[in-house]
Amino acid sequence: MKIKSLYRKFAFVTIMIMIFSGLFSFLLSNGYYQITLKKQNDEKILNFSLKIADFAKKQTPTNLPDYFQHIGEIGYQILLVNQKGEKNYYGASYRVKNLPNVAIEKVFHGKVYHGIQHFPGKTFVTGFFANELTNSIGVPFEYHQQKYALFIRPNIKLMFNEMHILFGWLLLLSILLSIVMVLISTKYLVHPIRKLNAATKEISEGNFSIKLDIDRKDELGDLANSFTNMSNKLAKVDQLRRELLTNISHDIQTPLTNIKGYMNLLENQQISTKEKEQYIQVVHSEVNRLSNLTKQLLLLASIESKKELMEITTINLGEQLKNVIHQFQWSIGDKGIMMSYSLPDILIKGDSGLLYSVWENLLTNAIKYNKENGTIDIELSTVGSEVKVIFKDTGIGLDQQEKGKIFDRFYRADSSRARSVDGTGLGLSIVKSIVTLHSGKIEVESQKGKGTTFKITLPKL
Ligand code: ADP
């Protein structure tokens, strides 16, 4: 509906512009005729009339009516008035014979009648083309001692008849043609907008695989390109959203099914205390998994929305890392892991809460995927304008293929050991998002069965 009106509006405005510019140029050329050409025309015809009169006086043609008849036939309208006031017309007749007597008398008194120059200045169509006696030039002349008044104007019809028709057709054709062109060009202009509109509707209905065949090098082509890029991105986001939803549902469903199953078993009165403890333990760990999952999902959501709202403060990184280690002291000791670190006081700017999650995730992974009596080494140092944090463990390690995927959302390396421990597969993807948000980068080196090292580089201030 809107597009239709845009098309109409555009065509209407352009046609209006054409009409106005036509009218304006008509008025302008009319003004030019009134101010300059009219006078010139008057002079030209006056010269001609004087020559005719002069010739008649000096050469005295034997037959005066014949003489004027000839001139009339060449393309002039002539009125000859003699002293008795008798009027004789030659050439094509005047449409309006409205010459006032004063004008005739004036000419008999030896003056020139400038009818063309003084013709009322309306449009040049009525001026230049007005076939009226008042719109003529009057000159006095003598023939055989007789005084005459000679009124002449060019026979415009004879001179311009073909031209008239030609110009008429030219004007009509150019108007028609430009209207058709405007309609076509407007359609050409509005067409891609229609396509874009249709594509927008498709996208809003969830169909992202649109193909816009708009191949233009102008702003509309640009818009179409940006539109295609946008729809591709939306398609990716949509795909991610679907995957995320499936993964989340799966990750929630599995512990819930387990909890339900073990609760059923616990309802059985005949089970031993040992079995009961075992089942409660499983329920506990599943509840923990669910709690972890929701925590991480919340963190993920907050990172997505945090991009512009990071709370940047100055952080003592050494101190923060020590706090994290302190928090996990118990589980480190529980697994018999040897912990070593070198954490000098280094200040950086960043979002304290988000960075805390990074170290928390890396450390819990280093503990989770470590071996009994393994080691963890954490080192903090400054390299130029950057800060480097290294987490090194002697854990189960990763093979080449797993290494490439660990930063993907919900990815968990498919080793039986990794599966046996709690995890959501979200931790490292969160870590990477936060590091990227801080304009830093994260690299991983690992050897299957030997251990893994994560290197994080962050800009210092
Ligand atoms: P999870 O919740 O499973 O720990 P993460 O995103 O933190 O999810 O890690 C993804 C996967 O990467 C883990 O499932 C694990 O297989 C692997 N991984 C992460 N850290 C380590 C590590 N320090 N040593 C070995 N494997 C690791």
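What is the order of the five strands in the open sheet? The order is β7-β9-β10-β12-β11, and the pairing is mixed. The model is predicted: local features need pLDDT of at least 70 and side-chain atom pairs count only at pLDDT 80 or more, while totals for chains, interfaces and linings use all residues. Residues are numbered from 1 along each chain as its sequence is written, and side-chain values use heavy atoms, with hydrogens and water left out. Helices (H or I, at least four residues) and strands (E, at least two) are DSSP runs, numbered from the N terminus.

**The sheet**

- Strands count as paired if DSSP finds at least two bridges between them; β7 and β11 (441-447) are the edge strands, each pairing on one side only.
- From one strand to the next, the twist averages 10°.
- Strand β7 (residues 338-342) runs parallel to strand β9 (residues 375-383), and five bridges join them; M338 stands opposite T375 in β9.
- β9 pairs with strand β10 (residues 386-393) in the antiparallel sense over eight bridges, and D377 has K392 in β10 as its bridge partner.
- The hairpin formed by β9 and β10 has two residues between the strands, and G384 in the turn has a positive phi of about 60°.
- β10 is also joined by eight bridges to strand β12 (residues 451-459), the two running antiparallel; here K388 stands opposite T457 in β12.

**Helices on the sheet**

- α8 lies across β7, β9 and β10 and runs at about 170° to β9. Axes are lines fitted to C-alpha atoms, for helices over the stretch in contact, and angles run from 0 to 180 degrees between N-to-C directions.
- Helix α13 (residues 427-437) packs on the sheet and touches β11 and β12, its direction making about 145° with that of β11.

**Packing of α8 and α10**

- Helix α8 (residues 317-327) packs with helix α10 (residues 352-368) at an angle of about 50°, the axes being 10 Å apart.
- The two helices α8 and α10 are therefore oblique to each other (angles under 35 degrees count as roughly parallel, over 145 as roughly antiparallel, 65 to 115 as roughly perpendicular and the rest as oblique).

**Packing of α6 and α7**

- Helix α6 (residues 219-267) and helix α7 (residues 273-306) have axes 9 Å apart and pack at about 160°; α6 and α7 are therefore roughly antiparallel.
- The crossing of α6 and α7 is left-handed.
- Among the contacting residues are I248, I252 and Y262 of α6 and Y279, V283 and L290 of α7.
- By class, the residues of the contact of α6 with α7 comprise 16 nonpolar, two polar and four charged.

**Salt bridges**

- The count is nine salt bridges (a side-chain nitrogen of Lys or Arg within 4 Å of a carboxyl oxygen of Asp or Glu).
- K195 lies in helix α5 (residues 156-204) and D213 in the loop between α5 and α6, so the pair ties together parts 18 residues apart in sequence.

Technical notes:
Left-handed = near helix turned anticlockwise from the far one by under 90°. Contact = heavy atoms within 4.5 Å. Nonpolar A, V, L, I, M, F, W, Y, C, P; charged D, E, K, R; others polar.
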